[in-house]
Amino acid sequence: MSHLDIIGENVPRKEALEKVTGAAKYTNDDIRPGLLHVKMTTSTYAHANIVSIDTSKAWKVPGVRAIVTGKQFPFLTGTPLEDRPPIAIDKVRYYGEPVAVVVADYEFQAKKAAELIKVAYEPLPVVNSVSEAIKRTAPLIHENLGRYKRVEEVYPEDNTNIANRTKIRKGDMQKGWMKSEVIVTANVSFPQSDHAAMETRCARAEILPDGRAIIHSASQSPFVIKKVISRYFQIHPGKVIVHTPLVGGAFGGKVSIQLEFIAFLASYAVGGRMVKIVNTREEDFITSPVHIGLDARVKLGCTKSGELIAAEIIYLFDGGAYSDRAAIISRAAAADCTGPYNIENVWCDSLCIYTNHPYATAFRGFGHSELTFAIERAMDLLANKLNMDPLELRLKNAIAPGNTSPTQVPLNVSNIGDLSKCLEKLRGLMNWNEGQRIKIGNNKVKAKGIGCFWKNSNTPTNAGSGAVLTFNPDGSISLSCGVVEIGQGTKTALAQIVAETMKMDINQIHVRMEVNTETNPEHWKTAASRSLFMAGRAVLAAAEDAINQLREVASIVLRCAPEELAVGRGRVFLKSEPNIGISIQEIAYGYTYPNGNSIGGQVIGRGSYILKHLTKLNPETGAGNPGPEWTVGVQAVEVEFDIKNYTYRIIKAASVIDAGKVINMKAAYGQIMGGMCLGLSFASREAFSFSSTGVIQNTQLRTYKIMRLGENPKYIIDFVETPNIEGPYGLRGLGEMGVIGIPAALANSLSLASEVELNQLPLTPELIWKTKKGDQSDLV
Amino acid sequence: MLTDGSRRLVMDIHVNGEIRNVIVRAADTLLHILREQLGLTGAKPGCENGDCGACTVLVNGWPIKSCIMLAVEAVGHEITTIEGLKDTPIQKAFLKKWAFQCGYCTPGFIMNCYALAKIHPDADDTMIQEWLGSNICRCTGYEEINEAIKSVLASNPHLGAKLL
């Protein structure tokens, strides 16, 4: 029997109709009478001691039920490093940090009271950049850094502002530089920016009389919320129940746990009543975690023919006031520090630095669009110096089976894919050989730039996922798993994997979009492009388990051995004689004989998956295996640049990515296109503007600009499919990949167009003008 | 007069063809009342500052950001929210073109597109960009949304030939 070939098909999103009718429910759409509202008072200084907090006027606002300050619950949270109080205790470390929390009957009452809380501060010197932060004389942002508890792999340095340092030491640098005939150095930098998901972060909490904590949250990490609420408030994990409905965009920003702690404390303060906290856009921009900033120095050495020999790399990530996931981002950037090139001799120090900026967390790509910007700028400098086509230089050094990664993982066709094939495809799609800089008259030039990327994941070594397939009386299947639907469409793709494996109609697979940690099997986090990969493996195992159960029951009814049976098209049948069989509907709830005797019982398939053979990195050399596979790819941008006034239009953007196997082509296109748009928006205009005292000037969507319809380019997208043996149907991670090479490709195209090296973001006409003029004195 | 010194107004507003009775503070936005009192949560808060368009509804057929309109101003006007649209061509086009991912900005975009197709069935690229530039989508690359509105405009029997 032929299978249904659902892999790769454009199966519509399972939740599509809800989303075009307004029926789709997000965390803040659950309207409940009696719910209390929480509002924060946030710091007006970037670095200051808290002298006193006067709540007397706030208490006089009618409807106020509780006011909570950090001193009432003095504890520190954070993974990998516990360095952050949910509400500031003795001092504030960034502008916008929560200082006090008001609970009131109505939102406007809570807001009014929060505004009436008077906080007296004693200002401290502000550390306003990573370069200031690493000076020996820099004020310490965390005086007790050495005493903080480490929850995961992290290497803070006491009496400094360094939250983590990851070292890569591969090969022999002395030899590497001796053999290098051509050397370039690139210094790049960009400030922090934001995820700006359209749904601001939101959480509800209630504590029931039996001690159960019920949390609702717009989160990528409901199972992490369960663990940390359990850990910090000493509640049995089974008594912490977290609900996450549809999430309105996340991009990494909803990985961290922040409002959930505040909501829990607020609920505790009012005897467990249900409370809700919703970020304003302004709070979502700066009070909640942001997109990391970076200062980097990349030195590359190669032979005259362009063969890369040595790389010396320093990444200084602006992790802001608290380390959160930024510490792991600095590690992830170290692990893939060279970009997708074969370099035998590598020295890299990747640091997460504390500053008095908002704290940073995961952002789509997890450090990779950032490191790629640095590496790919250096690659273009090198190509320029060698007088070599930038695409040829990349092709010559493209990572390949037989090479090793910076962390010394041996590479093979399964774990690394085929970057060279991606480059060759892109060459054709972008009409690369017509020339990369073409004058088109009217003071305008067209220019093309590229950027190659790779990305592995940096999850905990034991990250995993589970799935349960429950049969319905009609033989259809309900799929239960812990993946959050954040817009990426994973649950639809998972349904396709079930349908393919069970050889069933996709409409017979039902998926619940909401995650409930009490009833769904755990999924580590919906992050790191690991959801379809890990949950897909769990689903495959669950489908196999269900098939075995179906064959077991059918073999009794059909009087044969289970292994003689196959499952497909809603039936279990003899492989040798397919017309002898029984419908799944007749056995999904057990089989009942004509006399009433019954056998079997409801078929419930279960599967789980855990990443395997991963190791921590050696603290001295970085050697180790941080993730299961790489996705490689190349991206290009074509701009039309006005050489008189430095404005430009982004005409085309292209991506060729080795996806391993595309499960849903339309969904994959959407992910890559959206990622490219996000990358272009970030690289061309997005950045926080800090005053000299660390105050952020642009906390609204009218001052923090985001790309809008009509500013987007024409997208060109293609895939290469080199199967990854570990991935379901050979797939590789895809969700983050559209972003990663784009900032570099844009910078390379504009550097070529403007004939000046552009090593900073965002690439505004003003920046290009200033760089061209050589007036960099007032730049970051 | 309430204990906090504020006042509430009881009023009728016309929403999705129905007359609905609501109790409103003078400072309540239309968005707030639609969501909190009428349970019409399709209109979303995204910035509550008129910058993102996620809260867009129609007032007498024109797209308005309900976060910057007071509820008291809605009296005597016809309000249409995403819940008031059923099987419209623009909703079908959004489905067909995969013009959404997370779905949070979608109701606002659909309302704006719906009004554009009604008011300017002959809208060209510039007008499409002018209108839809008032909404933000952070997930898609905008191309899908652009295709969706264009397919609806092009399907207008009187204008199809001109646009294609």
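## A buried helix, an open sheet and a chain interface

In this predicted model, helix α19 of chain A is largely enclosed by the rest of the structure, because 13 of its 13 residues are buried (a residue is buried if 20 or more other C-beta atoms, placed from the backbone, lie within 10 Å of its own). Helices here are DSSP runs of H or I with at least four residues, strands are runs of E with at least two, and both are numbered from the N terminus. Helix α19(A) covers residues 742–754 and reaches 18 Å from its first C-alpha to its last, close to the 18 Å expected, where the expected span is 1.5 Å times one less than the number of residues. Just after α19(A), A:Glu755 takes a positive phi of about 60°.

Residues are numbered from 1 along each chain as its sequence is written, with chains lettered from A and ligands numbered from 1 in the order in which they are written. Local features need pLDDT of at least 70 and side-chain atom pairs count only at pLDDT 80 or more, whereas totals for chains, interfaces and linings use all residues.

Chain A also holds an open sheet of eight strands with mixed pairing, in the order β3-β5-β1-β12-β9-β10-β11-β23; two strands pair if DSSP finds at least two bridges between them. Strands β3(A) (64–69) and β23(A) (515–516) stand at the edges with a single partner strand each, so one side of each is left without a neighbour in the sheet. Within the sheet, A:Ala205 stands opposite A:Val275 in β12(A).

Helix α3(A) (107–116) lies across β1(A), β3(A) and β5(A), at about 25° to β1(A), while helix α6(A) (222–233) touches β10(A), β11(A) and β23(A), its direction making about 150° with that of β11(A). Axes are lines fitted to C-alpha atoms, for helices over the stretch in contact, and angles run from 0 to 180 degrees between N-to-C directions.

Two antiparallel strand pairs, one in each chain, are set out below.

| Strand | Partner | Bridges |
|---|---|---|
| β9(A), residues 202–207 | β12(A), residues 275–278 | four |
| β3(B), residues 56–59 | β4(B), residues 62–65 | four |

The pair in chain B forms a hairpin with two residues between its strands, and B:Asn60 in the turn has a positive phi of about 50°; B:Val59 has B:Trp62 in β4(B) as its bridge partner.

Between the chains, 40 residues of chain A are in contact with 43 residues of chain B (contact requires C-beta atoms, placed from the backbone, within 7 Å). Helix α17(A) gives the most to the side of chain A that touches chain B, with six residues.

How values were computed
Contact = placed C-beta atoms within 7 Å. Buried ≥ 20, exposed ≤ 12 C-beta atoms within 10 Å, placed from the backbone.
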